[in-house]
Amino acid sequence: MAQPIIDIQSITKRFGDLTVLDNLSFQVQPGEKLALIGPSGSGKTTILRILMTLETLTSGHILIEGEQLWHMEKGGELVDADEAHLHKMREKIGMVFQHFNLFPHKTVLENITLAPRLTLGVPAREAEQRAMELLDMVGLADKKDDKPASLSGGQKQRVAIARALALEPKIMLFDEVTSALDPELVDEVLSVMRQLGEETDMTMLLVTHEMGFARDFADRVLFFDHGHIIESGPPEQIFTNPEEERTQSFLRKVLSAGKRKAEKQAAVL
Amino acid sequence: MQQWLGYLELILDGAVLTVQLTVLGCALALFMAFVAGLARMSKFRILRILATTYIEFFRGTSIFVQLFWAYFVLPLAGIPVSPFIAGVLALGLNVGAYGAEVVRGAVQSIDKGQKEAGLALNLTPWQRMRHIILPQAVVVMLPTFGNNAIELLKGTAVVSLISLADMTFQSQVVRAQTGSTAMPFLTILVLYFAIAMVISTTVRTLEKRLSDGLDVTK
């Protein structure tokens, strides 16, 4: 097998007395679409936050393309990474957040061009051209001069995706990107992600509660509970024939909840 | 009537000085507010200690005493200061200490998702502050800054104590010469109020212009 693009080696994360991730290891292959599912509080969002360097590790190592993320070599020893090392490593990774986190004081276009101009030194015109291509891709070219406040949730999230893509990361992290959306706005965001999956060879990790989407989008599904991977495998296996009792009971709960929701919506329509 | 016009001119001369003190005092206060407010959140301990010391000292002692120190004690230490400079220093440093806490509070009030988005886009700490946090925080600061500026304007009256001929000083002169209390004090009452109105109108206009798209002030 090729070198994994992400190699997580026995990482542990504690917040005080609470162990969120417990000696966890897994690998992600380049171009792989990985869905992280599990009950809330199971640690799946924390993994994305650690990969984005928003949260530190308590112990363990993470390799991105064979290079240490949270550590660096100094005098033949591994020491904690400094800001310069983290800065370099972050170039490979982009993230989309549950609550969009768009910059409210900037226009849609400025939201997208800000980082390329500041971190990569891309000239203004070039950055704008590239941003317009991305806005075209997410279907929001006509909103370029609007402020985020005037957009719907689904539109905000599509801008946020374009903003992260502008830095051309190899790995994209999607943290419950449709959880804050009204149900009728979920599809427009998922279809942008689907398109990304089809048209690029980007590695994508998504934490999601959209089981239907995880099922037909992901190459592999990891089921988490209490900071452990309980079960992992291709979506057909996890969703139709889960081996573990905990996976089964989780899926029963979310799938029946999803069904109820769908029925309710159908009844309203 | 003729005579009153002459006296009015005297008071207006004082008003010019009051405006100068207010403008320069505010400029210094604004500068100190940002320097000390940001230093207070620095990751370097020494900067935090310096900023906290400054803020607590100038908030914890009266502006009256600070003015006397600037005017009478600094020269003893070999630093000659004119009354005007002493006035600007005392006003600016005093109000700047309050402003520093406003800066800190406003910066910390910005949603932490904004900082995280900046980090995920690989912006440096300074770039995040400059392009993401401060533009939003300034809108939060403005109303309180407006209050502080008006406080500073009213504080300028204490400089008459070190014989600076500001508006209040001049009205005392007029009162002494004419024996009339109502006319000079009514005049400066109106003038202080007018200057304060200019300040609050300016701040409100700025606020409107800068808060476009933000939901902090509606």
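How many bridges pair β1(A) and β2(A), and in which sense? The two strands pair in the antiparallel sense over seven bridges. The views below come from a predicted model, in which local features need pLDDT of at least 70, side-chain atom pairs count only at pLDDT 80 or more, and totals for chains, interfaces and linings use all residues. Residues are numbered from 1 along each chain as its sequence is written, and chains are lettered from A and ligands numbered from 1 in the order in which they are written.

**View 1. The β1-β2 hairpin of chain A.** β1(A) and β2(A) form a hairpin with two residues between them. Strands here are DSSP runs (E, at least two residues) and helices are DSSP runs (H or I, at least four residues), both numbered from the N terminus. Two strands count as paired if DSSP finds at least two bridges between them. In the turn, A:G16 has a positive phi of about 60°. A:K13 stands opposite A:L21 in β2(A).

**View 2. The open sheet of chain A.** Four strands of chain A form an open sheet in the order β2-β1-β4-β5, with antiparallel pairing. The edge strands are β2 (18-28) and β5 (67-68) of chain A, each of which pairs on one side only. Strands of a sheet pair through backbone hydrogen bonds, either parallel or antiparallel. β1(A) is joined to β4(A) by five bridges, and these strands run antiparallel; A:D7 stands opposite A:L63 in β4(A). Strand β4 (residues 59-64) of chain A is joined to β5(A) by two bridges, again antiparallel. The bridge partner of A:I64 in β5(A) is A:E67.

**View 3. Helix α1 of chain A on the sheet.** Helix α1 (residues 44-51) of chain A packs on the sheet and touches β1 (6-15), β2 and β4 of chain A. Its direction makes about 70° with that of β2(A); axes are lines fitted to C-alpha atoms, for helices over the stretch in contact, and angles run from 0 to 180 degrees between N-to-C directions. Seven of the eight residues of α1(A) are buried, so the helix is largely enclosed by the rest of the structure. A residue is buried if 20 or more other C-beta atoms lie within 10 Å of its own, exposed if 12 or fewer, and partly exposed in between, with C-beta atoms placed from the backbone. Among the buried residues of α1(A) are A:K44, A:R49 and A:L51. After α1(A) comes A:T53, whose phi is positive, near 65°.

**View 4. The β6-β7 hairpin of chain A.** Strand β6 (residues 71-74) and strand β7 (residues 77-80) of chain A pair in the antiparallel sense over four bridges. Two residues lie between them in this hairpin, and A:G75 in the turn has a positive phi of about 55°. A:K74 stands opposite A:E77 in β7(A).

**View 5. The contact between chains A and B.** On the two sides, 21 residues of chain A are in contact with 18 residues of chain B. Two residues are in contact if their C-beta atoms, placed from the backbone, lie within 7 Å. On chain A, α2 (83-90), β8 (93-96) and α3 (108-119) each supply at least two residues of the side that touches chain B. The largest share of that side, four residues, comes from α3(A).

**View 6. The nonpolar cores.** A nonpolar core is a set of buried Ala, Val, Leu, Ile, Met, Phe, Trp, Tyr and Cys residues joined through C-beta atoms within 7 Å. The largest core has 117 residues, of which A:L36, A:M95, A:A162, A:L173 and A:F174 touch the most other members. Its largest share, 14 residues, comes from helix α4 (residues 83-109) of chain B. Not counting residues up to four places away in sequence, A:M95 touches residues including A:L48, A:L173 and B:A120. A second, separate core of six residues includes B:Y7, B:I11, B:A15 and B:I188.

**View 7. The helices of chain B.** Chain B has eight helices and zero strands. Its C-alpha trace spans about 70 × 45 × 20 Å along the principal axes. Buried residues make up 37% of the 218 residues in chain B. UniProt, in an unreviewed entry, places the feature "transmembrane region" at residues 15-39, 51-72, 84-103 and 182-203 of chain B. UniProt positions are given in the numbering used here, feature names are shortened, and annotations may be inferred rather than shown by experiment. Residues 182-203 of chain B are 100% helix, with end C-alpha atoms 32 Å apart.
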